[in-house]
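The following paragraphs lead through one protein model, from its overall organisation to a single residue. Please keep the sequence and the structure in view while reading.

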Amino acid sequence: MAFFSFRSQWQLPVEPQAAYDALADIDRYPQWWPQVRSTRRLDEHSGELVIRSALPFSLRVVATRAVQDPQALTLAATLSGDLTGHSSWQVNATPSGCTAVFIEEVTADRLFGASSFLGRRALEWNHAAMMRSGERGLRRHLSAAGLDSNI
């Protein structure tokens, strides 16, 4: 079994609530996050995401909402499928907008080679590339919506 712990921090030039609202709207992720290829709502609290970054395979993950707190600007989900574990977003105000901190702790036991040194490094690189692209995509999305002019 291969365990991964990821942490990313995005600097966004928008009001914290605007960032939180965009991150809470998983159905729209494919519009601004190129590596989130599709989403499909399963029920009121869960949905399936198909994710593909630079490596030549897609991951299917079911995200089930655990926390959605607009006052604390916190989101959390349990994950199952090709990745098993949990992920969360915490949005915090800064003088120039906000930060969105993403934490994910997952096992990738269904991925061949994930526990090997090279497999682990490839997946870590793949995740970092996906997160950089997501930050750029969200910045463009919020800018196109005119939400970055409030800071």
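Of the contacts between residues at least 6 apart in sequence, 50% join residues at least 24 apart. The model in which these contacts occur is a predicted one. Its secondary structure consists of 3 helices and 7 strands, and these elements follow one another along the sequence in the pattern β-α-α-β-β-β-β-β-β-α.

The overall dimensions can be considered next. The C-alpha trace spans about 45 × 30 × 25 Å along its principal axes. The radius of gyration is 15 Å, which agrees with the value near 15 Å that a compact globule of 151 residues would have. Of these 151 residues, 43% are buried. The accessible surface of the protein amounts to about 8,000 Å², and carbon and sulfur atoms account for 53% of this area. As to charge, the protein carries 15 positive and 15 negative side chains, with the centres of the two sets 8 Å apart.

Glutamine 11 belongs to strand E1, which comprises residues 3-12. Is this residue buried, partly exposed or exposed? Glutamine 11 counts as partly exposed because its relative accessibility is 35%, a value between the 20% limit for buried residues and the 50% limit for exposed ones. When residues up to four places away in sequence are set aside, glutamine 11 touches Cys98, Thr99, Glu135 and Arg139. Serine 116 lies 105 residues from glutamine 11 along the chain, and the C-alpha atoms of the two are separated by 33 Å.

Definitions and conventions. Residues numbered from 1 in each chain as written. Predicted model: local features only at pLDDT ≥ 70, side-chain atom pairs only at ≥ 80, totals over all residues. Heavy atoms only, no water. Helix = DSSP H or I, 4+ residues; strand = E, 2+ residues; numbered from the N terminus. Buried < 20%, exposed > 50% of the residue type's maximum accessible area, 1.4 Å probe, protein only. Contact = heavy atoms within 4.5 Å. Rg over C-alpha atoms; globule rule 2.2 N^0.38 Å. Areas by Shrake-Rupley, 256 points an atom, 1.4 Å probe, with all protein chains shown as cover. Lys, Arg positive; Asp, Glu negative; His and termini not counted. Charge placed at Lys NZ, Arg CZ, Asp CG, Glu CD.
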